[in-house]
Amino acid sequence: MGFTLDKVVPWGRSYNEYVSMFGLSEDDLTLRILGCGDGPAAFNSLLTKCGGSIVSVDPIYAFDAAQIRTRVAEAYDIVMTQTRKNQGDYVWETIPSVEQLGSIRMSAMENFLADFDAGKQEGRYIAGELPSLPFENGQYDIALSSHFLFLYSAHLSAEFHLHALQEMLRVSREVRVFPLLTLDGTPSPYLHFVSEHFEKNGFGVEIKRVPYEFQRGGNEILVIKPA
């Protein structure tokens, strides 16, 4: 059956995972970055401490830190149970065990929670969601989608993916999406559809290998930018 979820859950990755997942160079990290659907990830917190420019947008930011903590705790039990049942679908190298995975994820989410109130006041965490973003045209250099588009293909339609990517390209000059697999580890059925659409409309579309693989076979990103 593979890994399944009834709905999108808040589950945060670490700063180092973001850098590897998206193939972010030192130069990339100096640009204006938008994280779409970042949830309780640690990337915003740590990049800000390093002097970077980042805004994260997610519907969960409408809640306060205590409410988000409760939702993370609920997601933790669900995700860890599913991961244990499907251990063969993951590469246990950088992360050596299910227990270590839980520790790494909770550490990342604690980083987020410690930063959330200050970050919200500073305008770095904004409540909102795809496919309609509350930003100006071209406001960012790179827009990232981590573990939302393609991953939740069973929950989100092909049209949703198309409109979401169009919106990300409206507000930024480059889009990167990771991973290109669904929750159960199969290639997203929408990847060809959206790639073909943007190529026909004059965008540069590229699938790039990245130095990150936890979900087995999940080591590529989709990059879209004006040709």
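Modeller: A residue is buried when its relative accessible area is under 20%, exposed when it is over 50% and partly exposed in between, using a 1.4 Å probe and protein chains only. The model is predicted: local features need pLDDT of at least 70, side-chain atom pairs count only at pLDDT 80 or more, and totals for chains, interfaces and linings use all residues. Residues are numbered from 1 along each chain as its sequence is written, and side-chain values use heavy atoms, with hydrogens and water left out.

Colleague: Is F150 buried or exposed, and what is its relative accessible area?

Modeller: F150 lies in the loop between β4 and α5, where helices (H or I, at least four residues) and strands (E, at least two) are DSSP runs numbered from the N terminus. Although F150 is not a glycine, it has a positive phi of about 70°. F150 counts as buried, with a relative accessible area of 0%.

Colleague: What is the phi of H147?

Modeller: H147 is also found in the loop between β4 and α5. With a relative accessible area of 14%, H147 is buried. H147 is not a glycine, yet its phi is positive, at about 55°.

Colleague: How many residues apart in sequence are the parts tied together by E17 and R105?

Modeller: The structure holds eleven salt bridges, each a side-chain nitrogen of Lys or Arg within 4 Å of a carboxyl oxygen of Asp or Glu. One of them joins E17 and R105 at 2.7 Å, N to O. E17 lies in helix α1 (residues 15-21) and R105 in helix α4 (residues 98-121), so the separation in sequence is 88 residues.

Colleague: Which residue does D141 pair with in a salt bridge?

Modeller: The partner lies in strand β1 (residues 32-36) and D141 in the loop between β3 (125-126) and β4 (142-146), so the pair ties together parts 109 residues apart in sequence. The N to O distance is 3.0 Å, and the partner is R32.

Colleague: What is the handedness of the crossing of α3 and α4?

Modeller: The axes, lines fitted to C-alpha atoms over the stretch in contact, with angles from 0 to 180 degrees between N-to-C directions, come within 11 Å for α3 (residues 65-85) and α4 and cross at roughly 165°. That makes α3 roughly antiparallel to α4, given that angles under 35 degrees count as roughly parallel, over 145 as roughly antiparallel, 65 to 115 as roughly perpendicular and the rest as oblique. A crossing is left-handed if the near helix is turned anticlockwise from the far one by less than a right angle, and right-handed if clockwise. The crossing of α3 and α4 is right-handed.

Colleague: What is omega for the cis peptide bond that joins F178 and P179?

Modeller: P179 lies in the loop between β5 (175-178) and α6 (191-200). The peptide bond from L130 to P131 is cis as well, with omega near 10°. For F178 and P179, omega is about -10°.
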